[in-house]
Amino acid sequence: VIGIFDSSDPYVHRRVFGIAEIDLANMTYDLDPVGPAAAEMEPLMLTPDRKLGYTVSVYGTHGDRVTEFWVFDMKTKKIINRRPFLGRTRLAFGMTADGTKLMIYNAGFEIELYDAKTLELVKTINLEGDTTSNLVVMPLKKPA
């Protein structure tokens, strides 16, 4: 299992976040600290080849709120790209099965699709109704 986890450093006790790999069979883990913990972070989404990871971080509140995409090189566990975007007060984050698009949805009736390489908005999809749960995006069936 690979994911983003919060912890606190043993000296100053400040919250930090890192990327952890948990080996459930051997009950061991490796945590690579990345930086100070954000107020909110969405789950880590990995590309199909597991080379890149994506998340959304939220800092501040109300007028000072900043919502950003973060892109990680999963080999080094380092942030390689960040880009702010107009985030909703409440949101959910997802990725298409092929890893080419990022999705912002929930607390509304639209899905905003972003290009995973450029982190730019590609299009908005109107669902004609509120989303009430996580989205599951299945890969297209490969032709026989």
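Three strands, taken in the order β1-β2-β3, make up an open sheet with antiparallel pairing. Strands here are DSSP runs of E, at least two residues long, numbered from the N terminus, and two of them count as paired if DSSP finds at least two bridges between them. At the edges sit β1 (2–8) and β3 (28–36), each of which pairs on one side only. From one strand to the next, the twist averages 35 degrees; the angles behind such values run from 0 to 180 degrees between N-to-C directions, with axes being lines fitted to C-alpha atoms.

This is a predicted model, where local features need pLDDT of at least 70, side-chain atom pairs count only at pLDDT 80 or more, and totals for chains, interfaces and linings use all residues. Residues are numbered from 1 along each chain as its sequence is written, while side-chain values use heavy atoms, leaving out hydrogens and water.

Back in the sheet, strand β2 (residues 15–23) runs antiparallel to β3, and eight bridges join the two. Isoleucine 19 faces aspartate 32 of β3 across this pairing. As a rule, the strands of a sheet pair through backbone hydrogen bonds, in either a parallel or an antiparallel way.

Another open sheet is built from four strands in the order β9-β10-β11-β12, again with antiparallel pairing. Its edge strands are β9 (92–95) and β12 (121–126), and each of these pairs on one side only. Neighbouring strands of this sheet are turned against each other by 25 degrees on average, direction ignored. Four bridges link β9 with strand β10 (residues 101–105) in the antiparallel sense, and alanine 92 stands opposite tyrosine 105 in β10.
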